[in-house]
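Take a look at the model below. We will start with a side-chain pair, then move to the ligand.

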Amino acid sequence: SIHHLAYPPSPAQMDWNTHFPTFFAPPPQEGEGSPSLKGKKVEFADVGCGFGGLSIALAPLFPDTLMLGLEIRVQVTQYVSDKIRALRLNPGSVDPDNADDVAEAAVAAGETEGEPAAKRQKVDETVKAEGGKLAPVRGIRPELMPPEGYAYGNVSVLRANAMKFLPNFFEKGQLSKIFFLFPDPHFKQRKHKARIISPTLLAEYAYVLRPGGLLYTITDVPDLHTWMTGHLAPFPLFQRLTEEEIDRLGLESGEGVVGQEGSELQQMRERAVMEAVKRRTEEGKKVERNQGGKQWSVWRRLPDPE
Ligand code: SAM
């Protein structure tokens, strides 16, 4: 059960079947790993996912990519787990919050930011007219529409302390994206060691992230932004992207979701990711309501030195 903070001795021994039953078979024996049915592994990790807004918004946009939220609080993890279960059982009646997220992310991906209210209303009407099916996305960006029968099989949540044991869950270079969205600020000096970005932990994040993969941070706490970028910048395996490079993500192959061809479609997806990073998490929405400022950064994992 998710209440139990268990971790496998190695990634190969992890039972992913309980998380992604359409992608993994049950382990043949207790303590063994789960055979992969489609040759996929978790690629996106949302560290400290909270209520899961990011992963749930991204899942339909990357239907072939497995994504996992990591959350330490029991009840919060349970909430996300229940929400995903409901979405899986009832793919036809999509969570309205999420339909909104997906539609807005899709809109933002293809259009400029700050969509006119009229357009958004049209999206809402389409959602209603379609009886809450996933169809509204189709009305916006056919390319970003998940395939027929899509049912959130590619997203899950794991109760874990992400500051420990990450390499127990993920192999070297397994992840193509790792997110640190609105992490707890731990304001007091003596609590700084509890911050989720630190020199030691950066080495672990670099280990699980593949060369070319991307690390994302965002916060509304200026001091934390300074802290995170201040630790990432001197770290030899991460290189910060400029805003222009962020905007062009996905166009060249080997960027963003590594291994996929660069294309305008990939660019749309990558833009939707940035939109979700800024606006689709519960914390991001709260900051928005309070009209707080946000600072973000995106870092490319560089190849290991020879
Ligand atoms: N990323 C979410 C968002 O943007 O809405 C949640 C942000 S919330 C301020 C930070 C979250 O990180 C909390 O839900 C907290 O329980 C979780 N967290 C803190 N330390 C963690 C750790 N070591 N491992 C996993 N989750 C952690």
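A polar contact here is a pair of N or O atoms within 3.5 Å; within protein, one must be able to donate a hydrogen and the other to accept it. The model is predicted. With that cut-off in hand, turn to arginine 279. Its side chain and that of glutamate 275 are joined by a polar contact of 2.7 Å. Arginine 279 lies in helix H10, which covers residues 264-279. Is arginine 279 buried or exposed? Buried means under 20% relative accessible area. Arginine 279 has 18%, so this residue counts as buried.

Now to the ligand. How many residues surround the ligand? There are 17, and the closest are Glu71, Arg73, Asn161, Leu181 and Thr281. By class, the shell divides into 8 nonpolar, 4 polar and 5 charged residues.

Look next at the nitrogen atoms of the ligand. A polar side-chain atom of asparagine 161 lies 2.7 Å from a ligand nitrogen. Glycine 48 places a backbone N or O atom 2.8 Å from a nitrogen atom of the ligand. For leucine 181, a backbone N or O atom lies 2.8 Å from a nitrogen atom of the ligand.

How much of the ligand's accessible area does the protein cover? On its own, the ligand has 590 Å² of accessible area, and the protein covers 90% of it. Which elements give two or more residues to the shell? They are strand E2 (66-71) and helix H11 (282-289).

Methods:
Residues numbered from 1 in each chain as written. Predicted model: local features only at pLDDT ≥ 70, side-chain atom pairs only at ≥ 80, totals over all residues. Heavy atoms only, no water. Near = heavy atom within 4 Å. Areas by Shrake-Rupley, 256 points an atom, 1.4 Å probe, with all protein chains shown as cover. Helix = DSSP H or I, 4+ residues; strand = E, 2+ residues; numbered from the N terminus. Nonpolar A, V, L, I, M, F, W, Y, C, P; charged D, E, K, R; others polar. Buried < 20%, exposed > 50% of the residue type's maximum accessible area, 1.4 Å probe, protein only.
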